[in-house]
Amino acid sequence: MGRPYVCVLALAAVLLLVFATVSRSKGLRGREHQETSRIPSQFSEEERVAIKEALKGAIQIPTVSLSQEEYNTTALAEFGEYIHKVFPTVFSTSFIQHETVGSYSHLFTVQGSDASLQPYMLLAHFDVVPASKEGWEVPPFSGLEREGFIHGRGTLDNKNSVMAILHALELLLIRNYIPRRSFFISLGHDEELSGMNGAQKISALLQARGIQLAFIVDEGSFILNGFIPNIKKPFAMISVSEKGAINLMLQVNMTPGHSSAPPKETSIGIIAAAISRLEQTPMPNMFGSGPLEMAVQQLASEVLEFVKNVVADDRVQFHVLNAFDPLPISPFDDQALGYQLLRQTIQSVFPEVSIVTPGFCIGNTDSRHFTNLTTDIYRFNPVNLHPEGFKSIHGINEKISVQDYETQVKFIFELIQNADIDGRPVPHLHEL
Ligand SMILES: *[C@@H]1O[C@H](CO)[C@@H](O)[C@H](O)[C@H]1NC(C)=O
Ligand SMILES: *[C@@H]1O[C@H](CO)[C@@H](O)[C@H](O)[C@H]1NC(C)=O
């Protein structure tokens, strides 16, 4: 997830109330087909070891995104070589085309056997935010396994998805799987820096080719465990939108002078007071008030005015460095193919999850670059997340349990097969 924004999950309580009913919608058409030619998601002991070892190796490559100018190009290139080595079948299959985009990002085009089915896309990124050794139980780029967990930067955000997607595909191909529905896999190298060189270029390339997608699945939300008091059971939240963002620069100009005779107020004091006032006056939470879409739009247009009012000092100037609007809400009704496929796959792979709910991602993801290609964008990581794990994203001690990671591979293995159904996205209203 793009820094410095993170998914705020407290919203889930409200969303659960609003949307709990939606989760009980009917299954998808075309079940008959998939039952007959289904490949079971059962992996041998050897494959299970290979699955976890592949992720550990990926964690050890320090694909750190520091700033637009500073990222480790050696590591990014090494990552490309690594996936070639670990997933030989993916790279040698005749109906899969691989392209490197923006020097380091990867686009795979998996040609399905039925050209009448609209393709979809699986999206993930392999750059990570920096991590210094301080505070970590194990070094952040070690990928060490300890007490059933693989530790390291990127185990949740988001090398787990990159590796799980490729590994699931590798295992399907080894079992002679041929998809009916075509799909793309887009792996970005600069998501943490806004995806301008990776995801955006991939999107532009696909737009130039006239591609339209049935849906996209990206990182974002999780299976949430223990986030809401009184809700003991884990529930799955599929994010159907994400907030916009704005980067503001605050500037104060004062008359220069000698430090031996400082003025009563200095520019540093004025700007510090402004920041302090902002810190003490958080943005209002509008998610519980009225229709969700309206609330989000209000958040977008009110932000700058709100900040100015809180600072309430004419000497502080505001410069908008960059900003973008919140994303449209993706459909999640009975006709929404991507949403229903996710829901169906969650219910088969995570039988303990009885509620699947749409939600909002307050962090930003690469998927926002793909809005011209589809209206159906879903942000969901098929991984159990506890509050402690949530703090570790962009924080310390990021880790994933070996079991959870294997389940993620299994989920994608199932999802790809589920997507082969005939059901087609039909026109629908984007209503709440
Ligand atoms: C960049 O990545 C390479 C491995 O690909 C690593 O050896 C090197 O230490 C990294 N550089 C920095 C500054 O992290
Ligand atoms: C979407 O398409 C429009 C029109 O071609 C273009 O101006 C815009 O930059 C595109 N947006 C993205 C995110 O690719």
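## Cores, strands and a ligand site in a predicted model

The largest nonpolar core of this predicted model has 80 residues, and those with the most contacts inside it are Leu122, Met163, Leu166, Ile346 and Phe411. A nonpolar core is a set of buried Ala, Val, Leu, Ile, Met, Phe, Trp, Tyr and Cys residues joined through side-chain atoms within 4.5 Å. Buried means under 20% relative accessible area, exposed over 50%, and partly exposed in between (1.4 Å probe, protein chains only). Helix H6 (residues 159–174) gives the most to this core, with 10 residues. Apart from this core lies another, of 14 residues, including Leu123, Ile216, Leu373 and Ile377.

Helices (H or I, at least four residues) and strands (E, at least two) are DSSP runs, numbered from the N terminus. Contact means heavy atoms within 4.5 Å. Leaving aside residues up to four places away in sequence, Leu122 touches Ile165, Phe183, Phe184, Ile185, Ser186, Val217, Ile412, Leu415 and Ile416.

Residues are numbered from 1 along each chain as its sequence is written, while chains are lettered from A and ligands numbered from 1 in the order in which they are written. In this predicted model local features need pLDDT of at least 70, side-chain atom pairs count only at pLDDT 80 or more, and totals for chains, interfaces and linings use all residues; side-chain values use heavy atoms, with hydrogens and water left out.

Next, the strands. Two strands pair if DSSP finds at least two bridges between them. An open sheet of three strands has the order E4-E5-E13, with antiparallel pairing. Its edge strands, E4 (145–146) and E13 (399–401), each pair on one side only. Helix H3 (residues 45–59) packs on the sheet and touches E4, E5 and E13; its direction makes about 20° with that of E5. Axes are lines fitted to C-alpha atoms, for helices over the stretch in contact, and angles run from 0 to 180 degrees between N-to-C directions.

Strands E1 (residues 96–101) and E2 (residues 105–110) run antiparallel, joined by six bridges. Val101 has Ser105 in E2 as its bridge partner. Three residues lie between the strands of this hairpin, where Gly102 takes a positive phi near 60°.

Ligand 1 is surrounded by Pro62, Asn72, Thr74, Ala75 and Glu78, each with a heavy atom within 4 Å of the ligand. The table gives polar contacts, pairs of N or O atoms within 3.5 Å.

| Residue | Polar atom | Distance to an oxygen atom of ligand 1 |
|---|---|---|
| Asn72 | side-chain | 2.4 Å |
| Ala75 | backbone | 3.5 Å |
| Glu78 | side-chain | 2.4 Å |

Terms used: A polar contact is a pair of N or O atoms within 3.5 Å; within protein, one must be able to donate a hydrogen and the other to accept it, and residues adjacent in sequence count only if both atoms are side-chain atoms.
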